[in-house]
Amino acid sequence: MKKFFIGAIALSVFGGMMSCTSQKHSSGWKLVWEDSFEGETFDTLTWSKIPRWHPEWARHMSDNECCYEVKDGNLILKGVMNPNREADTAMYITGGVYTKYKRAFHGGRLEVKARLQGARGAWPAIWLKPFEEEKYPWPTGGEIDIMERLNYDSIVYQTVHSVYTQHLNIRNNPPQGNTAAIRPDDYNVYAVEMYPDSVVFYVNDCRTFSYPRIKTDKEGQFPFDKPYYLLIDMQLGGNWVGKVDTLDLPVEMHVEWVRYYQWEPGK
């Protein structure tokens, strides 16, 4: 979960939205798992609350119930003013869930339908980290950022990270990310397709960006052909997004569903 350098990548919102086609609609994709967040709480066999941790994105994570709600078929993750600073000194707290140690995704197509409220300092994200995380210290196992949004933006960032892009600082051969336009006040579907030779991103079924495996003698260019776990979190604050305006809180991230497809050859 690191900022990539926009100027070095020559991002283009319109260029990233040129192709609104996806293989998902062909008969070869099979839906193998989904969560539509029915009921009164999320499924703890799949999801866990993300604990507080030292990286910027996790510094305000909390298991406080005020940051979580399942209502009207949505998982709602919130960024709120801390209601009890005697028990927790953080000024504000956030909710996030992940499938770490519980559910892995290897290849296939992963989709998340979500609506993102805007706020100054809001940084909601949908992303993937290696399922065997202890075996692959960051960034050796790669990171796939399906969606990151800043503040009230009408675009999202879609990015990959690896030893090649981070430690070797090779970020535009090939470009490591792009931006894509969204409907900022509505639900959007964020998706990634994971192949042995590429990672392909979509917003609302429009192909926005592809990161290929290339021939290179440099280390760690394409570590993405492995199982990953999914994180969905309502983050607040940090060097990239900037300071939080507490007058904009609470802020919410509504997740209507998560779907995972696998390709069945010959179908």
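1. Strand 15 (residues 228-236) has 9 of its 9 residues buried, so it is largely enclosed by the rest of the structure. Buried here means under 20% relative accessible area, with exposed over 50% and partly exposed in between (1.4 Å probe, protein chains only). Strands are DSSP runs of E of at least two residues, helices are runs of H or I of at least four, and both are numbered from the N terminus.

2. A word on provenance: this is a predicted model, where local features need pLDDT of at least 70 and side-chain atom pairs count only at pLDDT 80 or more, while totals for chains, interfaces and linings use all residues. Residues are numbered from 1 along each chain as its sequence is written, and side-chain values use heavy atoms, with hydrogens and water left out.

3. Back to strand 15, both of whose faces are covered. Tyr228, Leu230, Ile232, Met234 and Leu236 are buried on one side, and Tyr229, Leu231, Asp233 and Gln235 are buried on the other.

4. Which strands pair with strand 15? Strand 8 (residues 122-130) runs antiparallel to strand 15 and is joined to it by 9 bridges; there, lysine 129 stands opposite tyrosine 229. Strand 6 (residues 96-98) also pairs with strand 15 in the antiparallel sense, over 3 bridges, and tyrosine 98 has leucine 231 as its bridge partner. Pairing requires that DSSP find at least two bridges between the strands.

5. Now the packing. The largest nonpolar core has 54 residues, and Ile126, Ile144, Tyr190, Leu230, Ile232 and Val258 touch the most other members. Apart from it lies another core, of 16 residues, among them Ile50, Trp57, Met61 and Ile155. A nonpolar core is a set of buried Ala, Val, Leu, Ile, Met, Phe, Trp, Tyr and Cys residues joined through side-chain atoms within 4.5 Å.

6. Not counting residues up to four places away in sequence, isoleucine 232 touches several residues, including Trp47, Leu77, Val112, Ile126, Met253 and Val258. Contact means heavy atoms within 4.5 Å.

7. Leaving aside neighbours within four places in sequence, alanine 119 is in contact with Asn151, Tyr152, Asp248 and Val251. Its C-alpha atom is separated by 7.1 Å from that of leucine 249, 130 residues apart along the chain.

8. For the overall picture, the protein chain has 3 helices and 16 strands, and 55% of its 267 residues count as buried. Of the contacts with a separation of 6 or more, 74% involve residues 24 or more positions apart.
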